[in-house]
Amino acid sequence: QSCIDACSACAQACEHCSVACLGEREVAKLAECIRLDLDCAELCWSAASHMSRDSQIAAAVCAVCADACDACAAECEKHQQMGHCRECAAACRRCADECRQMAGASA
């Protein structure tokens, strides 16, 4: 359940971050952040869904989700001056840790 919660929180943080980035003055410099936010959010929602239904491939989805979270966190950390990126990076790091544990426990 803690991994599902972390995935849901991360997806929400990524969705918020992508929209907030679109409202920033130099949005073109945030294009990669926005792309990764959207990719990460989609994978987080998917991982939460797979775990919720006890899917046989949940561990594999969690492993991919952890990689996406790492990439998104690394990009958001480049923009720490913006609160939404700082919060997104923290949610991504927590989710990556939870997903790695889930993928390892189920493997």
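This is a predicted model: local features need pLDDT of at least 70, side-chain atom pairs count only at pLDDT 80 or more; totals for chains, interfaces and linings use all residues.
I then listed the buried positions of α2. Among them are Cys33, Ile34, Leu36, Asp37, Cys40, Ala41 and Cys44. Ala47, Ala48, His50 and Met51 are also buried.

Aspartate 54 sits in the loop between α2 (31–52) and α3 (58–76). Its phi is positive, about 55°, although the residue is not a glycine. I noted this because most residues other than glycine have a negative phi. Aspartate 54 counts as exposed, at 66% relative accessibility.

I turned to salt bridges, and the count comes to 6.

Lysine 29 pairs with glutamate 26, with the closest N and O atoms 2.7 Å apart. Lysine 29 is exposed at 61% relative accessibility, whereas glutamate 26 is partly exposed at 46%.

Glutamate 32 is partly exposed, with a relative accessible area of 36%.

The last pair I looked up was arginine 100 and aspartate 70, which meet in a salt bridge of 3.1 Å, N to O. This pair links distant parts of the chain, with arginine 100 in helix α4 (residues 83–106) and aspartate 70 in helix α3, 30 residues apart. Arginine 100 is partly exposed at 38% relative accessibility, and aspartate 70 is partly exposed at 23%. Through shared partners, salt bridges join Asp70, Glu77, Arg93 and Arg100 into one network.

Notes: Residues are numbered from 1 along each chain as its sequence is written. Side-chain values use heavy atoms; hydrogens and water are left out. Helices (H or I, at least four residues) and strands (E, at least two) are DSSP runs, numbered from the N terminus. Buried means under 20% relative accessible area, exposed over 50%, partly exposed in between (1.4 Å probe, protein chains only). A salt bridge is a side-chain nitrogen of Lys or Arg within 4 Å of a carboxyl oxygen of Asp or Glu.
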